[in-house]
Each structure stands twice: as C-alpha cells, then as structure tokens.
Amino acid sequence: MSSPKRTTIYDVAREAGVAASTVSRALRNPRRVNTATREHVLRVAERLGYRPSPLATALQSGRTATVAMLVPDITNPHFFGTIRGAERRASAAGITFILSDTEESADNERTKIEHLARSVDGFILAASRMSDESILELAEEHNLALVNREVLGLPSAVVDTRVGSRQIVEHLASLGHRSLVYLSGPHQSWLAGERWEALCEGAERHGIRAVRLGPFPPRLVGGGAAADAVLVTGATAVVAHNDLLAIGVLRRLAERGVGVPERISVVGYDDIFGADFCVPSLTTLAGPQDKAGRSAVELLLENRSRSTARTTPDRRVMLPSHLVIRASTGQAPG
C-alpha cells in the first residue's frame, strides 16, 4: 500500500488562491506579505497538513544547522585533516557540513559565500586567498571563522608556523648550512608571507643567507621549475611552501642526478600523508590540522550563540607545530 502523497507548497497555493511565490514569502519572509494574506495562507497550510522542509524552516528562523568550509584545493592532502576535524565536530553538534573547493581563487571564494549565504549558518575559510579587506567586508554580513589565516577582529584557528619555521632554520644551521632558499606558494597566501618572515628572522639570527623564489604552484607540478631555480642559486638547503611542492622538487632533483641530502637538503610544510613514503623521506613541519578544523567549528558555534548583531569576537586559537626530521636533510656539503 502506497503512503499518502505529501502536501506541497503548490497544493497550498492552489487551495489558497494565491501564487506559490506568495506562499513561500508568507512562510519564509512574512514581512514581505500583508498580514491578512499571511494568516489566510497559514490557515490553509495547517488545514492541508503542509509541513515545510527542514531547510525552509531554517530559512524562516534564520538558522539552518549547516556550516560550509571553503578550501583552496580539495585535492591537496594538507586539507584532509582540517576537513575531517571540522566534519566530525559539526556532526557531533548535529550540524550538516558542506565542503567547497575554491580552486585557489579569491573571486571563487566570494562567489561561493554569496551563493550559499541563505543556506548556511556560517563559513569556515581555510587558508583563504582573499584580502583582509574583503574578508572583513564579508564578515559584516556573514558568520566567519578562519583556519590558518589571521585577520584582526575575526576568530581564527592557526597552526603556529612562525615558531615552526624558526625550528627549521635551527635544524639546518645545526647541520652546517649557511644558505637556504624558500620556495614561496601563491602570492595571495597569508601563510607564505608568515613563513618567509619567520625564516628570515631565524636566518639572520644564525648567520644564514636566505633567498625567496616564486611564487610556485603548491603542487607536484610546481616542483620541476622550482628545483631548477634553486640549483642556479647554489644554496645547500631548500624550504618549500608545502609538502607537495617539496616532493615535486625531490623528483626533479633525482631526475637531474642531484643527491639529497648529500648535495642539497629539502624541507616541506604540513607532514601530509605520503611525506614519509617518498625517496628520500621528507623532513617537514607538522601540526594538528584536525584540531584546527574542530576549533573553527566551535568558534562558529560560539559566535552563532551570541547576539544576532554582525559582530565577531576576536578570538584566536593558536596550535603548536613541530619539526619531523627525516632523510631529506643532512650535513651541508663540504
């Protein structure tokens, strides 16, 4: 025996003698419908047993029990931990979790926020490529939390790569290196700037010459050109923007017969899955990315529970990083 047909918004509109759009406004945005029409629609809806979808109810109340995370590159293993941590925390809170890839584009970030705005309670921006000004502008209208990005006045969860970058320099200095090259990531990357500043501070403290090259695509394919550029400098150590770029450098150096770490040492960031599988295994800076994702969801929930005013508390969760030393770093040649 088939179940009774669910009453739809069109059934209510037909019975009430109004357009479906009028029913929709009466249920979701009552200020746009006069009182008499709204009461008439509500009476018909109740008589027919109409029940709006969970999303419609959420839109009417201003709460959707949904959050969205935007990441620059969904294929980058670096984001796997962040995504997993955020999804698990959202699930524990009974919140639907949406994931979206912005393809390393600040314009895509803004567009996706505008398209999803009515469907979610807040956005987690992971390693956002937008400018501070753009993010602050969006925060006036939307509940935002940042991961591995800081903007004054907005909540963020950040793995401390400044301290970690200094650890990298100290490690290389202890091995006798006196020159290093930083292979920078996308020019819109906030982390790229933070890491370069910290590397420079550490290099100056230890009397090491530091050079910045790039930007390079933070993927394996960027490693070829990056490695060739490094060899021209004569540096004995390379610090890549992320592990994918570092592994690409290792591959290119192997193709050119350049020994690692005998002739040049290579360091990455993120400790992605596979960093210990490449040859040689990669020295890299690790951090609790899953905890960063969890913390970002908690920041959104805290902000949602506050007043409805579009003001965001300036709360920062700083998470520790640590250097994982593997076979790709060794004594400086000579």
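1. Asn76 sits in the loop that joins strand S1 (66-71) to H5; helices (H or I, at least four residues) and strands (E, at least two) are DSSP runs, numbered from the N terminus. Asn76 counts as buried because its relative accessibility is 6%, where buried means under 20% relative accessible area, exposed over 50%, and partly exposed in between (1.4 Å probe, protein chains only). Apart from neighbours within four places in sequence, Asn76 is in contact with Pro218, Asn242 and Leu244; contact means heavy atoms within 4.5 Å.

2. This is a predicted model, in which local features need pLDDT of at least 70, side-chain atom pairs count only at pLDDT 80 or more, and totals for chains, interfaces and linings use all residues. Residues are numbered from 1 along each chain as its sequence is written, and side-chain values use heavy atoms, with hydrogens and water left out.

3. The largest nonpolar core has 25 residues, and Leu183, Val249, Leu253, Ile264, Val266 and Leu282 touch the most other members. Strand S6 (179-183), helix H10 (223-233), strand S8 (237-240) and helix H11 (243-255) are the elements that give two or more residues to this core. H11 has the largest share, seven residues. A nonpolar core here is a set of buried Ala, Val, Leu, Ile, Met, Phe, Trp, Tyr and Cys residues joined through side-chain atoms within 4.5 Å.

4. Leu183 touches, among others, Leu213, Phe216, Val230, His241 and Val249, with residues up to four places away in sequence not counted. A second, separate core has 24 residues, including Val147, Val297, Leu300 and Val317.

5. Helix H9 (residues 190-206) has 17 residues, which should span 24 Å at 1.5 Å a residue; the end C-alpha atoms are 25 Å apart, which agrees. The expected span is 1.5 Å times one less than the number of residues. Among the buried residues of H9 are Trp190, Glu194, Arg195 and Trp196. Their cover includes strand S5 (156-159), helix H8 (161-174), S6 and strand S7 (209-213).

6. The whole structure holds four cavities of 30 Å³ or more. On a 1 Å grid over the protein atoms alone, a cavity is a set of points where a 1.4 Å probe fits but cannot get out, and a pocket is an open set with protein on both sides within 12 Å along at least five of seven lines; lining residues have an atom within 4 Å of a point. Grid points are joined across faces, edges and corners, and a volume is the space filled by probe spheres set on the points.

7. The largest cavity contains about 130 Å³ of space. Of its 13 lining residues, His78, Phe79, Arg129, Leu191 and His241 lie nearest its centre. H5 and H9 are the elements that give two or more residues to this lining.

8. The second largest cavity has a volume of about 60 Å³, and the residues lining it include His78, Leu191, Arg195 and Gln289. H9 and strand S10 (283-286) each supply at least two residues of that lining.

9. The second largest pocket has a volume of about 160 Å³. Pro77, His78, Gly81, Arg84 and Gln289 are the closest to its centre among 13 lining residues. H5 gives the most to this lining, with four residues.
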